[in-house]
Amino acid sequence: MAVLLQRPHAALAFLFLYCLTGGLSIPDPRQRQALIQLEASMQTGGQLVLTDAEQQLDALLFKLKQEEIMRADFPPAMHFFKARPLIRTSPIFGLLQKMPKGGALHVHDFSMTSVEWLVKNATYRPHCYMCFTDNDSIRFIFSSLWPKSLPHCSPWILLENLRAKMANTTDLDNSIMGNLTIFTDQDPETVYPSQDVIWNRFEQAFLALWGLVTYAPVFRDYYYQGLTEFYMDNVMYLELRALLPEIYELDGSTHDTVWTLKTYEDVTRQFTSEHPDFFGARIIFTVHRGVNISVMTAVVEEAMKLQRDFADIMAGFDLVGHEDSGKPLWYFRDALSLPAERGMPLPFFFHAGETELEGTDVDQNMLDALLLNTSRIGHGFALLRHPLAKVLSKKRGVAVEVCPISNQVMKLVKDLRNHPAAALMSENHPLIISSDDPAMFGASGLSYDFYEAFVGFGGIRSSIGTLKELAISSIRYSSLTVKQQEKALALWQRRWEKFVSENAL
């Protein structure tokens, strides 16, 4: 693939050193411009040599971004729930939707597919029951017989009977959708005044959709639809963090973890065979960080076996859940050390640094993730507070999986221009952009998060080179083998060239 790197000119490097050692006694406009160029070359994509067509598209993006930044209602400075309609009308967003974005490397299993599809498809199937919980949530189950009552839940209601009595089911469907996402049309700062409130709502939404997506027929279709939505957003590869839960049938019988992983593999093969320009997907097996040590040990043992038996689809292992209220990585160090002790490869992709609790045991997850040889860092929001972790991750090529909208919605940062990743991008720290839980946030695919990164993190300085390197990095830092990466990059490059030629001035 013809991607050339342009090293800073020797004169610029000399000027840089001269400024550090002696300074400039008389400011010179030429020297000032040289410093600006040198600093720009240090950012993500700053050393890529652009083709004529790429330069033309870059000029268009620069013009559009200048207009965007001058808006009084600048989307990256606003909460995403309020900014979403503005982003949808942005010409930059329109271009980003068309752009081949490479891979989505940080996405969770049951928040990848739109809740509208889930409600319109899954809840209209026969034998779907719903009940209302004591804490104003809902639960679902599919059953051939009337299901047994759940604790703290109303009697089950068969949805097809309930809808048959209604002249208009729109309000019911909208109400169900509202329980399956944390998106709100009200003021999000009022609805979610603290991280504890929004995390509780977030986890309740997952519990609400659990009985829908773990029903075997829905499970297959849900995953296929999720792949479709990312594919339609010009994402060519996916690494999905998945709990691999028991999946149940209409008669109440259940399937084990192996069946669930095998189903992911089968559906992925089906999708790639029907979409030859989609490169594939792999699974990062996850467990909730609230489990005890014995459970963690058993799950790591299972993960090693799955890694051995399903090497093509299985990418590795991670812990999920609210980092602040969960147990730190160091608590599980013995269990997480088992693969290394036994010489059995099990790549780690640890969530770490999704926190504001500076100096706590949770905050040490950044260093512990590196100590445990994580392949990437999920979120890494706290990385700037850990200079050693920043140096080590860059030296080792451990990319940070940055999820802009997630970090804002979950109340880590208000204005995305102030996100720590803006500083990481300015110094070309290895990172990729992903969407975490797009369906939960009222987003989809990767385009919304790419918009926030390009316009918010990058400001006026980010360029087409920034976008290009972010897309390339999503393949280079994936769990694919080197040979697979080269094949994927060649496929991406053809799509990139087509995108540029069709959209350049």
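Q: Two strands pair if DSSP finds at least two bridges between them. In which order do the three strands of the antiparallel open sheet lie?
A: The model is predicted: local features need pLDDT of at least 70, side-chain atom pairs count only at pLDDT 80 or more, and totals for chains, interfaces and linings use all residues. Residues are numbered from 1 along each chain as its sequence is written, and side-chain values use heavy atoms, leaving out hydrogens and water. Helices (H or I, at least four residues) and strands (E, at least two) are DSSP runs numbered from the N terminus. The three strands of this open sheet pair in the antiparallel sense, and their order is β3-β2-β4.

Q: Which strands are the edge strands, β3 (138-142) being one of them?
A: An edge strand here pairs on one side only.

Q: Over how many bridges do β2 (residues 128-132) and β3 pair?
A: In β3, I138 is the bridge partner of F132. The two strands, β2 and β3, run in the antiparallel sense, and the number of bridges is five.

Q: How does the pairing run in the open sheet of four strands?
A: The order of the four strands is β1-β5-β8-β9. Its edge strands are β1 (103-108) and β9, each pairing on one side only. Strand β5 (residues 237-242) is joined to β8 by six bridges. Throughout this open sheet, the pairing is parallel.

Q: In β9, what is the bridge partner of V287?
A: Strand β8 (residues 280-288) runs parallel to β9, and six bridges join them. For V287 the bridge partner in β9 is L319.

Q: How many residues of strand β9 are buried?
A: Buried means under 20% relative accessible area, exposed over 50%, and partly exposed in between (1.4 Å probe, protein chains only). Strand β9 covers residues 314-320 and is mostly covered. Of its seven residues, the number buried is seven.

Q: Is H322 buried or exposed?
A: H322 lies in the loop between β9 and α14 (333-336). Its relative accessibility is 8%, so H322 counts as buried.

Q: How many Å apart in space are H322 and E354?
A: Leaving aside neighbours within four places in sequence, the contacts of H322 (heavy atoms within 4.5 Å) are Q195, D196, W199, E203 and R289. H322 and E354 are 32 residues apart in sequence, and their C-alpha to C-alpha separation in space is 8.4 Å.

Q: What is the relative accessible area of T214?
A: T214 sits in the loop between α10 (195-213) and α11 (216-232). Not counting residues up to four places away in sequence, T214 touches F110, P245, E246, I247 and Y248. T214 is buried, and its relative accessible area is 2%.

Q: Which residues in α5 do L57, L60, L61, L64, K65 and E68 in α3 meet?
A: Six residues of α3 take part, L57, L60, L61, L64, K65 and E68. In α5 they meet P91, I92 and L95.

Q: Over which residues does pLDDT stay under 50?
A: pLDDT is the predictor's confidence in each residue, from 0 to 100. The protein chain averages 94, and 95% of the residues score at least 70. Where pLDDT is low, the predicted coordinates should not be read in detail. The model has 20 contacts beyond four places in sequence for the stretch under 50, which is residues 1-8.
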